[in-house]
Amino acid sequence: MNRPLGVTVSRHIIDSQRLHPEATGELSGLLNELIVAAKTISAEVNMAGLADILGMSGKTNIQGEHVQKLDEFANNTIKRRMARCGYICVMTSEEEADAIPVVEGYEGKYTLAFDPLDGSSNIDVNVSIGTIFSVHRRRTPDDGSGDDSDLLRKGREQVAAGYIIYGSSTMLVFSTGDGVHGFTLDPCVGEFFLSHPDIRIPQRSKYFSINEGNYTYWDEPVRRYLEHLKAVDKASGRPYSARYIGSLVADFHRNLIAGGIFLYPRDHKNPAKPHGKLRLLYEAAPLAFLAEQAGGRAITDDGRTILDIEPEELHQRVPLIIGSTHDVELFGEFLAGKR
Ligand code: P6P
């Protein structure tokens, strides 16, 4: 489909819907509601430094209103808007232990998993942060509220996934299964405009993203893979360069556009987190969906494909190795002891 630059995201969604005659418009409606929430969060994130709400909670602003921390604000913004959008039957958020019901009478056929503001620890130092979302069809009958079983779906069954990155500009990057497309917010107009049609992740890269402070705690294959990337061998484009922001959406976005491999393997630093730090439902799976739609790969550090993992609990953690196909597959060779 011809995707002219500058088309609005709403127009893009309608054009994409036309590719699917069976579409009812409900997914389009869901995405448009999420986009309104994203614009609201973007405005607040961009004002944070001025409105003195950086990392604070329980304070009151000049109007005497209770001021929420940005991640609370982002969570409430998405939760309240989506609870009565009429397109979903249940939600789960990184900020809430239990599944979130929708308003009675507003149940729909989809589910939503989201990380409202990932990387929020970076807010106070003005590093890019992001919202990540994942949409599935419900599993239970098409009426009444959904439950955990509707949310615990393989990543490969996602009908849509994406993120909003609040950085030097605010961008929305998402896929509904027809490739990955990026939209940049014009805050003066309040519209997202198509700026990055049909994003393809470079098949191999020269960047790796990992927190090397955990080196001592990694398994042997991870250490050997990193040593390989840092060895000097001009013929194979090594050494790679290190790029690590410590904000998943920012690290992923850079790798999606410029190529790269991001690794958050399991480590032995924190016995309470034996499966790594990142969450499956609303971090690894949506980003893996985008990575594969853009021609990349996403696996765990024991070689499983992220999108084929059957979730067992809402906030399940998984190790994540994601990015350019050549680099991820090379990691797999180290994992298999072939290197
Ligand atoms: P570390 C941010 O807190 C986050 O959840 C992700 O956005 C980021 O990729 C990761 O943690 C960074 O973790 O242990 O390197 O600080």
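Asp198 counts as partly exposed, at 40% relative accessibility; partly exposed is the range between buried, under 20% relative accessible area, and exposed, over 50%, with a 1.4 Å probe and protein chains only. This is a predicted model, in which local features need pLDDT of at least 70, side-chain atom pairs count only at pLDDT 80 or more, and totals for chains, interfaces and linings use all residues. Residues are numbered from 1 along each chain as its sequence is written, and side-chain values use heavy atoms, with hydrogens and water left out. Helices (H or I, at least four residues) and strands (E, at least two) are DSSP runs, numbered from the N terminus.

**Backbone geometry**

- Most residues other than glycine have a negative phi, and most peptide bonds are trans.
- Asp198 has a positive phi of about 50 degrees, although it is not a glycine.
- Asp198 sits in the loop between strand S8 (191-196) and strand S9 (207-209).
- Asn126, also not a glycine, has a positive phi near 60 degrees.
- The loop holding Asn126 runs between strand S3 (110-118) and strand S4 (129-137), and Asn126 is exposed, with a relative accessible area of 74%.
- Gly295 follows helix H7 and has a positive phi, near 95 degrees.
- From Arg238 to Pro239 the peptide bond is cis, with omega near 5 degrees.
- Pro239 belongs to the loop between helix H5 (220-230) and strand S10 (241-242).

**Ligand site**

- The side chain of Asp118 has an N or O atom 2.5 Å from an oxygen atom of the ligand.
- For the side chain of Tyr264, the distance from an N or O atom to an oxygen atom of the ligand is 2.6 Å.
- Lys277 places a polar side-chain atom 3.0 Å from an oxygen atom of the ligand.
- The ligand taken alone exposes 400 Å², and the protein buries 81% of that; accessible areas come from the Shrake-Rupley method with a 1.4 Å probe, and for residues only the protein chains shown count as cover.

**Five-stranded sheet**

- Five strands form an open sheet in the order S10-S9-S11-S13-S12, with mixed pairing; two strands pair if DSSP finds at least two bridges between them.
- S10 and strand S12 (297-299) are at the edges with a single partner strand each, so one side of each is left without a neighbour in the sheet.
- Strand S11 (residues 261-264) and strand S13 (residues 320-323) run antiparallel and are joined by four bridges.

- In strand S5 (residues 160-166), seven of the seven residues are buried, so S5 is largely enclosed by the rest of the structure.
- In a regular strand the side chains alternate between the two faces of the sheet.
- One side of S5 has Ala160, Gly162, Ile164 and Tyr166, the other has Ala161, Tyr163 and Ile165, and all are buried.
- S4 pairs with S5 in the antiparallel sense over seven bridges, and Ser134 stands opposite Ala161 in S5.
- S5 is also joined to strand S6 (residues 170-175) by six bridges, and these two run antiparallel.
- Ile165 stands opposite Met171 in S6.
- Three residues lie between S5 and S6, which form a hairpin.

**Helix H7**

- Of the 14 residues of helix H7 (residues 280-293), 12 are buried, so H7 is largely enclosed by the rest of the structure.
- The buried residues of H7 include Leu280, Tyr282, Glu283, Pro286, Phe289 and Ala291.

**Tyr215**

- Tyr215 lies in the loop between S9 and H5 and is partly exposed, with a relative accessible area of 30%.
- From Tyr215 to Asp267 the separation is 52 residues in sequence and 8.5 Å in space, C-alpha to C-alpha.

Key: A polar contact is a pair of N or O atoms within 3.5 Å; within protein, one must be able to donate a hydrogen and the other to accept it, and residues adjacent in sequence count only if both atoms are side-chain atoms.
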